Amino acid sequence: FNECEDERQFAEIEIGALRTAAGIISAAIQNMAIDSALRESEARYRGIVEDQMDFINRWRPDDMKITFVNEAFCRYFGGTKEDWIGKTVQDNIVDEDASTAFDYGKLLGPDRLIGFHEHRNVNSKGEVRWCQWRDRVILDETGKVAEVQSVGRDIHEAKMRDREQEGIAVIAAALRGIPSRLETLQVIVAKLNELINASGVA
């Protein structure tokens, strides 16, 4: 070890090689740290998404095929994550609302990053339920639309209460100035039929 006690003089080419090696090692360490941070961030994000009570899915805007669903989505609509991947977002929308939902989805893009929409879905029990969806566009590194993330919740009871209040208001307005009881009953029946037909409930 005696010869190690003398300070070694490195040649210029050796110094250059050492600097290159140090740069490579430093970059590798930095990349490892970034990869680790990304993995941790993704794990935290997935944990938050899976713990949500709202049902969440992500879909491609070009063909509206689903790329991700969370556990709450599967519990509400039935099936597994694997069952839903590759299906379209229209697969559990009632036929009468499907075209409207499709047209709305096409409006989302770089100029409209956030949107809200309500339509009727079919849950795991086969029930037709009103759901409200909050959509957020996800852009890629070039600024183009990569996916759309939709967060939904069941608003059926609230929707029915609103319809009921609307119906009462419509009937009350129609009854003003009608003296006859028979005419009153006829108006009530007609308005109820209109409301039933408008609600889409069989």
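Visitor: Is arginine 129 buried or exposed, and what is its relative accessible area?

Guide: As a general idea, buried means under 20% relative accessible area, exposed means over 50%, and partly exposed lies in between (1.4 Å probe, protein chains only). Arginine 129 has a relative accessible area of 16%, and therefore counts as buried. Please note that this is a predicted model, in which local features need pLDDT of at least 70 and side-chain atom pairs count only at pLDDT 80 or more, while totals for chains, interfaces and linings use all residues. Residues are numbered from 1 along each chain as its sequence is written, and side-chain values use heavy atoms, with hydrogens and water left out.

Visitor: With which residue does arginine 129 form a salt bridge?

Guide: A salt bridge is a side-chain nitrogen of Lys or Arg within 4 Å of a carboxyl oxygen of Asp or Glu. The partner of arginine 129 is glutamate 157, with the closest N and O atoms 2.8 Å apart. Because arginine 129 lies in strand β4 (residues 128-139) and glutamate 157 in helix α5 (residues 156-175), the pair ties together parts that are 28 residues apart in sequence. Helices (H or I, at least four residues) and strands (E, at least two) are DSSP runs, numbered from the N terminus. Glutamate 157 is partly exposed, at 43% relative accessibility.

Visitor: Which residues does histidine 156 contact, leaving aside its neighbours within four places in sequence?

Guide: Contact means heavy atoms within 4.5 Å. With those neighbours left aside, histidine 156 touches Val128, Arg129 and Trp130. Histidine 156 belongs to helix α5 and is buried, at a relative accessible area of 14%.

Visitor: How many salt bridges are found in the whole structure?

Guide: The search finds 8. One of them joins arginine 120 to aspartate 97, with 3.0 Å between the closest N and O atoms. This pair links distant parts of the chain, since arginine 120 is in strand β3 and aspartate 97 in helix α4, 23 residues apart. Arginine 120 is buried at 11% relative accessibility, and aspartate 97 is buried at 11% as well. Elsewhere, Arg60, Asp62 and Asp63 are linked in a network of salt bridges. Within it, the side chains of aspartate 63 and arginine 60 meet at 2.8 Å, N to O. Aspartate 63 is partly exposed at 30%, as is arginine 60 at 33%.

Visitor: In what sense do β3 and β4 pair?

Guide: Two strands pair if DSSP finds at least two bridges between them. β3 and β4 pair in the antiparallel sense, over 9 bridges. Valine 122 stands opposite valine 128 in β4. The hairpin has 5 residues between the strands, and glycine 126 takes a positive phi near 80° there.

Visitor: Which residues have the most contacts inside the largest nonpolar core?

Guide: A nonpolar core is a set of buried Ala, Val, Leu, Ile, Met, Phe, Trp, Tyr and Cys residues joined through side-chain atoms within 4.5 Å. The largest one here has 17 residues, and Phe55, Phe73, Phe77 and Trp84 have the most contacts inside it. At least two residues of this core come from each of β1 (55-59), β2 (66-69), α2 (71-77) and β4. The largest share, 4 residues, is supplied by α2. Leaving aside neighbours within four places in sequence, the contacts of tryptophan 84 include Ile66, Val69, Phe73 and Phe77.
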